[in-house]
Amino acid sequence: MTRLPDGIDVEGPVQAEDFVVWLRDGGIELTGPCGSAPWILEVGEAEHPVDVVTRVVRDVIGPPVVVHSTSWRRDRGAVILSFVVVIDPELVGSMESEPVTRADLARSEATAAPRDIAHTQVVEHGLRHLAWLVRDDPVVAAELSPAWAGALETYVPEPFRALG
Amino acid sequence: MDDTITVRCVCGWETSGPPDEVVAATSEHGQRIHNMSATREQILAMAVPVNDSAAAAPGEGRGRSTSGRASG
């Protein structure tokens with residue numbers, strides 16, 4: 001049996017990893033053009049990561065409500081900047097969507113990064129960070145509905161984190 | 001035997017067809033969905049004959065799109 005090559009992949013020293021989230025009946029779900037899988041974007045050397053994420057999300061899905069970088073780590077031979085992107089439910093359309101599953105955080109050692117970091121752990125931290133922003137950042141608080149504040153109540157608020 | 005080829009993206013997207021169409025669709029997918037540029041040579045280097053693709057993944061349902069646009 002012939003095995004397909006790995007296929008085209010995003011390269012570059014800085015990459016953005018987007019987790020597109022929305023509220024369905026009060027529960028947080030993951031969606032995007034890659035379904036619930038991380039959506040990887042290349043960030044050119046002259047580009048600002050936030051600008052890239054905002055522009056591509058707007059072009060592919062529609063205008064986002066919140067775009068926020070929540071963590072970084074070393075992976076895929078690059079620095080990966082993780083973003084939580086909040087969108088309105090009407091933008092989900094036919095994109096695949098799955099409820100967010102909770103996970104324990106990937107904790108660093110005193111002087112070293114965690115050895116393995118699962119995507120569920122990155123999302124967990126991203127939503128903890130969003131829970132912190134909705135309390136601490138008046139801009140984010142103004143953009144997110146009371147339903148979002150309620151959905152984030154079970155997340156321990158955390159500021160930005162280096163995951164690895 | 002025609003020269004139909006298949007290219008897939010690690011995100012799950014996949015397209016098949018004549019080389020020119022596959023190159024165009026893959027280039028559009030990479031730029032639009034991943035903000036990346038790839039040359040024709042890079043794209044063709046990742047392509048496989050469609051029969052090899054079928055052997056590797058019999059049946060339907062591989063990937064999320066065959067049209068050059070991510071459909072979610």
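Reader: What makes strand 1 of chain B and strand 3 of chain B a pair?
Author: Two strands pair if DSSP finds at least two bridges between them. Strand 1 of chain B and strand 3 of chain B have two bridges, in the antiparallel sense, so by the definition of at least two bridges they pair. At Thr6(B) the bridge partner is Val48(B), in strand 3 of chain B. Helices (H or I, at least four residues) and strands (E, at least two) are DSSP runs, numbered from the N terminus.

Reader: Where does the model come from, and how are things numbered?
Author: This is a predicted model, in which local features need pLDDT of at least 70 and side-chain atom pairs count only at pLDDT 80 or more, while totals for chains, interfaces and linings use all residues. Residues are numbered from 1 along each chain as its sequence is written, chains are lettered from A and ligands numbered from 1 in the order in which they are written.

Reader: Why are strand 2 and strand 3 of chain B called edge strands?
Author: Each of them, strand 2 (14–17) and strand 3 (48–49), pairs on one side only. The open sheet of chain B has three strands in the order 2-1-3, with antiparallel pairing.

Reader: What packs on this sheet?
Author: Helix 1 of chain B does, touching strand 1 and strand 2 of chain B. Touching here refers to contact (C-beta atoms, placed from the backbone, within 7 Å). The direction of helix 1 makes about 160° with that of strand 2 of chain B; axes are lines fitted to C-alpha atoms, for helices over the stretch in contact, and angles run from 0 to 180 degrees between N-to-C directions. Along chain B from the N terminus, the elements run β-β-α-α-β-α.

Reader: How do you know whether Asn35(B) is buried or exposed?
Author: A residue is buried if 20 or more other C-beta atoms lie within 10 Å of its own, exposed if 12 or fewer, and partly exposed in between, with C-beta atoms placed from the backbone. Asn35(B) has 22 such neighbours inside 10 Å, so Asn35(B) counts as buried. Asn35(B) sits in the loop between helix 1 (19–34) and helix 2 (40–45) of chain B.

Reader: And what makes Asp25(A) buried or exposed?
Author: Asp25(A) has 7 other C-beta atoms within 10 Å, so Asp25(A) is exposed. Its place is the loop between strand 1 (14–24) and strand 2 (27–31) of chain A.

Reader: What makes a set of residues a nonpolar core?
Author: The residues must be buried Ala, Val, Leu, Ile, Met, Phe, Trp, Tyr or Cys, joined through C-beta atoms within 7 Å. The largest such core has 53 residues, and those with the most contacts inside it are Leu41(A), Val53(A) and Val85(A). Helix 2 of chain A gives the most to this core, with seven residues. Leu41(A) touches residues of both chains, including Val53(A), His34(B) and Asn35(B).

Reader: Why is strand 5 of chain A called mostly covered?
Author: Seven of its nine residues are buried. Strand 5 of chain A is joined to strand 1 of chain A by eight bridges, running parallel, and to strand 4 (residues 66–75) by nine, running antiparallel.

How values were computed:
Two residues are in contact if their C-beta atoms, placed from the backbone, lie within 7 Å. Lists of a residue's contacts leave out its neighbours within four places in sequence.
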